[in-house]
Amino acid sequence: MPTRITQIESARADAETFKVGEKDDQPNISDTESETTVLKVEGTLHLKDAELLERICEDVAIQTGRSITLDLENISFINSDSASVLCRMKREHGVRLEGLHLFIRKMVELTEECEKAAQYLPKAGDVTRVS
């Protein structure tokens, strides 16, 4: 199944919220929901798809000035390479991941843990001597 990416426009995200009960209703700009762009991702997510998604998220964030939330509820499959890209998006770009099914969530969590552990492994060519 091909990957499909759709920008979701919710009423809460686009409508101005007003402070209720005040004489002159003023827009409430502290609503964090209005500062987020939601992208719904459907289908399977392989490495090339995840890299394309990362570029799309970067472009949308630059154009809108908003943070990005990915709705991954309708993802049926990801591999470890695409999970690594999702982790990088979270870490480097502050992208939020929502709607993860158990398998997808565990894949992302395990990838995050492997990346953390890899920081402590010796690099190729490093020699560790024990006396």
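**H3 against H4**

I started with H3 and helix H4 (residues 102-118), which pack at an angle of about 75° with their axes 9 Å apart. That angle makes H3 roughly perpendicular to H4. For the cut-offs, I noted that under 35 degrees counts as roughly parallel, over 145 as roughly antiparallel, 65 to 115 as roughly perpendicular, and the rest as oblique. The axes are lines fitted to C-alpha atoms, for helices over the stretch in contact, and angles run from 0 to 180 degrees between N-to-C directions. Helices (H or I, at least four residues) and strands (E, at least two) are DSSP runs, numbered from the N terminus.

Which residues of H3 and H4 meet? On the H3 side I found Ser-80, Ala-83, Ser-84, Leu-86, Cys-87, Lys-90 and Arg-91, and on the H4 side Met-107, Val-108, Thr-111, Glu-112 and Glu-115. By class, the residues of this contact divide into five nonpolar, three polar and four charged. Contact here means heavy atoms within 4.5 Å.

**A note on the model**

I have to remember that this is a predicted model, where local features need pLDDT of at least 70 and side-chain atom pairs count only at pLDDT 80 or more, while totals for chains, interfaces and linings use all residues. Residues are numbered from 1 along each chain as its sequence is written, and side-chain values use heavy atoms, with hydrogens and water left out.

**H2 against H3**

Next I looked up helix H2 (residues 47-64) and helix H3 (residues 80-93), whose axes come within 8 Å and cross at roughly 20°. H2 and H3 are therefore roughly parallel to each other. Is their crossing left-handed or right-handed? I got right-handed for H2 and H3, which is the case where the near helix is turned clockwise from the far one by less than a right angle, anticlockwise being left-handed.

From H2, the residues Leu-47, Ala-50, Glu-51, Leu-53, Glu-54, Cys-57 and Glu-58 meet Asp-81, Ser-82, Val-85, Leu-86, Arg-88, Met-89 and His-93 in H3. I sorted this contact into seven nonpolar, two polar and five charged residues.

**Two residues of H2**

I picked Ala-50, which is found in H2. With 0% relative accessibility, Ala-50 counts as buried; buried means under 20% relative accessible area, exposed over 50%, and partly exposed in between (1.4 Å probe, protein chains only). Not counting residues up to four places away in sequence, Ala-50 touches Leu-45, Ser-82, Val-85 and Met-89. Its C-alpha atom is separated by 8.1 Å from that of Ala-83, 33 residues apart along the chain.

Leaving aside neighbours within four places in sequence, Glu-54 is in contact with Val-85, Arg-88, Met-89 and His-93.

Thr-44 has its place in strand E2 (residues 36-45). I read a relative accessible area of 15% for Thr-44, so Thr-44 is buried. Beyond residues up to four places away in sequence, Thr-44 touches Met-1, Pro-2, Thr-3, Asp-49, Ser-76 and Phe-77.

**The whole protein**

Last, I counted four helices and four strands, running β-α-β-α-β-α-β-α from the N terminus on. Of the 131 residues, 27% count as buried.

Note on methods. Nonpolar A, V, L, I, M, F, W, Y, C, P; charged D, E, K, R; others polar.
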